[in-house]
Amino acid sequence: MEIFTLGFSQALTIDALYYCFLGVLVGTAVGVLPGLGAIAAMSLLFPLTFHLEPLSGLAMLAGIYYGAEYGGSTASILLNLPGTPSSAVTAIDGYQLNKQGRAGVALFVATAASFVGGSIGIIAMMFLSGPIAALGLAFGSPEYFAIVVFGLVASATVGSDTPSRGLVMLAIGVVLGCVGIDPTTGATRFTLGAVELVNGINMVALVMGLFGIGTVVMSAGSSDHAQVSRRISLRSMVPSGDEVRRGILPTLRGSIAGSIVGVLPGTGTTMASFLGYGIERRVGSSKVPLGSGAVEGVAAPEAANNAASQTAFIPTLTLGVPGSASMAIIFGALLIHGITPGPLMISQRPEIFWGLVASFWIGNLLLLVLNIPLIGVWVRILSLPYRFLFPVVITLVCVGTYSIQNSAFDLWLALFFGGLGVILMMLHFQPAPLLLGFILGPLAEVHFRNTMSLSRGDILGLFGTPVATTFLIATLVMVVVLMVPRSKTASSHQ
Amino acid sequence: MKFLHLLPLALSLSAPFAGAVHAQDKFPSRAVNLIIPQPPGGSTDFSGRVLADGLSRHWGVQVRAINVPGGNTVPAVTQMETSRPDGHTVLLDGGSSSSMLPIVMPDQKHDLSKRTFLAMFAESPMIFVVSGKSKINSLADLVSVVKANPENFSWITNGGTGVGDLAFGQLFEAAEVRASVTRPVAASGGSPAAAQVAGGHVMAAAGSLSSIAGFLQSGDLRAIAVLGQSRLASLPDVPTAAEAGHDIIAVQWGAVSGPANMPPEVIKEWQKAISAVQADKATVERLQNGGIAMLSGGTSAVSERVTAETSVMQRIFGRKD
């Protein structure tokens, strides 16, 4: 195996190790702190890579990227505030566990699932890069449309006890996603004349407003202050045997779903975690219902987003197709050093490819250390008394939101969504499906319209290929399965 | 030890404070902001950050690359136009923030004639690509395929007015067909676009070298024509469109522009600095690796480029069909 002969010898140099550690440390920090995100940190440190050895610079940037996925769950669990958009869904069960005094277990499960998910993602990268990359190429717009609809239906009821409420939130999210430039004609729509809305609503402003500001205001205003565990002892992190058993299958399912989603361009880790949670809702047989503090609800999304953050490298490195802004920064860092990501990269620059894979293993191990024995450090940051913590969080949310586009308008937007979040939560609507609709709606739209353009308006074009047909039929089956138990419960109520 | 490389960064971070002691009239007297009208990642951001890094080292003053994406570049352009014309805030200009603006945002009033074009920096031509399995082998083939059956021709659009749309607009002009009868397929960037064509889902795309290089290596894509003035060093066998008999030009270019009324000595200092960056071998190589070539030329070169591109834009997008 070249990873042992070549990879680790490259990744274990002092230089590469140092920058890998720096990357995962920065990544965990921006992940833990709500508001700050990986993209801002990566683009700030990007010029530094000009002057580093290629592998060191890449290991650092990559470390920030997947490190943030580890850190993101911490604030979700402790404060009900997602540190990253992809951990928004982890808050649903994670925060409930915290309220039950099981924060330590939730943090442990999140990290363990993250590690398993990351590992499965790396293994997929080591052994399946070729076939997985081919899978990405086999997907055209009909396939993307089918898989997005599948994802939408699979997670339609995320975080809501009443599916109808979830669907309302989903629909609002889809509508918000329509703001901006029409993907095919380039015409602007629903911008209310605001130039700042021409490219759509900034996702970070939406997430930070709905979840960040909204949650802070709700927690500050509620009398039953949720007990943030001030101290997480290592002992309190040890899950019971039953919890370990219940966590295994969701972790594996989440890892596989995340590995697949990560490969697809334009989907990202947020869709992965939602899909992981959605699948658990459908196929999981949890004794504790999801949404009321089930370890499954923490394990599945965290495994999924970490698996996705690793497999996202597959199309970037082996096809030269970066699927997200973060991956585009990695892509740029490779180009700077004269490495052309593509099918020949593994054979032409094996030391970089395998060195990077080895650094992922090292980085994931470092993250395990940073997030289990050293979790106390992060917890202490987040367990300041609310009267100190919340102003800090609001400040970070503002800084983070502003730094994405250097736009003051986005701050107003975040404030607006903060208000909306408060109203929704007071009315017992969960904001998570709104975010899902906001992310998936535009994807579904562009691929639907592309499919229609390719088939010249023939609706049967959606069933043009076996993959698309399979996913659409799977979606139909899921809808039927969804409907059957509900009509049973409905009739039992009568 | 490689940690020493952090030193320039630390120095550049402290530079703004050091700069404060210089006399006010000397440019640059403090940190310089280079506004990039695109989000992080992607080739424009890439060239902007390489330029900022080169300028930082040339002046010994921090040059910050600031992304102000979205709004069809209007927020970035507005920020540049409303800043003081002392050279400390400039825009990484390009087609989308100059010649395309009046087409894309007709109700926005940005007077291009008042903008101070400082100097050209870099360019990367679009390249027509088709699937490696396609029967199309030349630009002539492509034109005849479009002409014979425009209703079946699928191509990648960047949302109506991108540089790729400019390329296909000219192709349709050459084939004498209307764009509205073809099958445009939207893609969210150069790389996903390349994947759609490589996978055989869409017939053709116009992309920059960095987004197609991987698939050219694997044979999943075939380059048909370079839509610039000359052939590319890395694709010596691919002719330019002009060589293949069609005058199609679609180039992504980058220049540096400032607000109106910049003092001549600041303009001169900027032009000197950009030339110095362009003479730096390491910087040239970094850009070349990203499929971007240096492009020299001062104020007149930029304004000529804008004028020429504007007239093509008006011809392609200005008419209603």
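## Salt bridges and helix packing in a predicted model

With 59% relative accessibility, B:Arg84 counts as exposed. B:Arg84 pairs with B:Asp86 in a salt bridge, their closest N and O atoms lying 3.7 Å apart. Side chains of opposite charge can pair when their charged atoms come close. Over all chains, a search of the whole structure turns up 22 salt bridges. Here are three of them, side by side.

| Salt bridge | Closest N and O atoms |
|---|---|
| A:Arg189 with A:Glu445 | 2.7 Å |
| A:Arg246 with A:Asp242 | 3.4 Å |
| B:Arg84 with B:Asp86 | 3.7 Å |

Let us take the pair A:Arg189 and A:Glu445, whose closest N and O atoms are 2.7 Å apart.

An α-helix has 3.6 residues a turn, so residues three or four places apart point the same way. A:Arg246 is buried, at a relative accessible area of 17%, whereas A:Asp242 counts as partly exposed, at 27% relative accessibility. As for networks, salt bridges with shared partners join A:Asp182, A:Arg189, A:Glu445 and A:Arg449 into one.

Now to the helices. In chain A, the axes of helix 2 (residues 14-32) and helix 4 (residues 54-79) come within 6 Å and cross at roughly 30°. Angles under 35 degrees count as roughly parallel, so helix 2 of chain A is roughly parallel to helix 4 of chain A. The crossing of these two helices, helix 2 and helix 4 of chain A, is right-handed. Sorted by class, the residues in their contact are 14 nonpolar, 10 polar and 1 charged.

Helix 3 (residues 38-45) of chain A is mostly covered, with 6 of its 8 residues buried. Which residues of helix 3 of chain A are buried? They are A:Ala38, A:Ala40, A:Ala41, A:Met42, A:Ser43 and A:Leu45. In chain A, these buried residues of helix 3 pack against helix 2, helix 4, helix 14 (325-336) and helix 18 (386-405), and they also pack against helix 2 (43-59) of chain B.

Terms used:
Residues are numbered from 1 along each chain as its sequence is written. Chains are lettered from A and ligands numbered from 1 in the order in which they are written. This is a predicted model: local features need pLDDT of at least 70, side-chain atom pairs count only at pLDDT 80 or more; totals for chains, interfaces and linings use all residues. Side-chain values use heavy atoms; hydrogens and water are left out. Axes are lines fitted to C-alpha atoms, for helices over the stretch in contact, and angles run from 0 to 180 degrees between N-to-C directions. Helices (H or I, at least four residues) and strands (E, at least two) are DSSP runs, numbered from the N terminus. Angles under 35 degrees count as roughly parallel, over 145 as roughly antiparallel, 65 to 115 as roughly perpendicular and the rest as oblique. A crossing is left-handed if the near helix is turned anticlockwise from the far one by less than a right angle, and right-handed if clockwise. Ala, Val, Leu, Ile, Met, Phe, Trp, Tyr, Cys and Pro count as nonpolar, Asp, Glu, Lys and Arg as charged, and the others, Gly among them, as polar. Buried means under 20% relative accessible area, exposed over 50%, partly exposed in between (1.4 Å probe, protein chains only). Contact means heavy atoms within 4.5 Å. A salt bridge is a side-chain nitrogen of Lys or Arg within 4 Å of a carboxyl oxygen of Asp or Glu.
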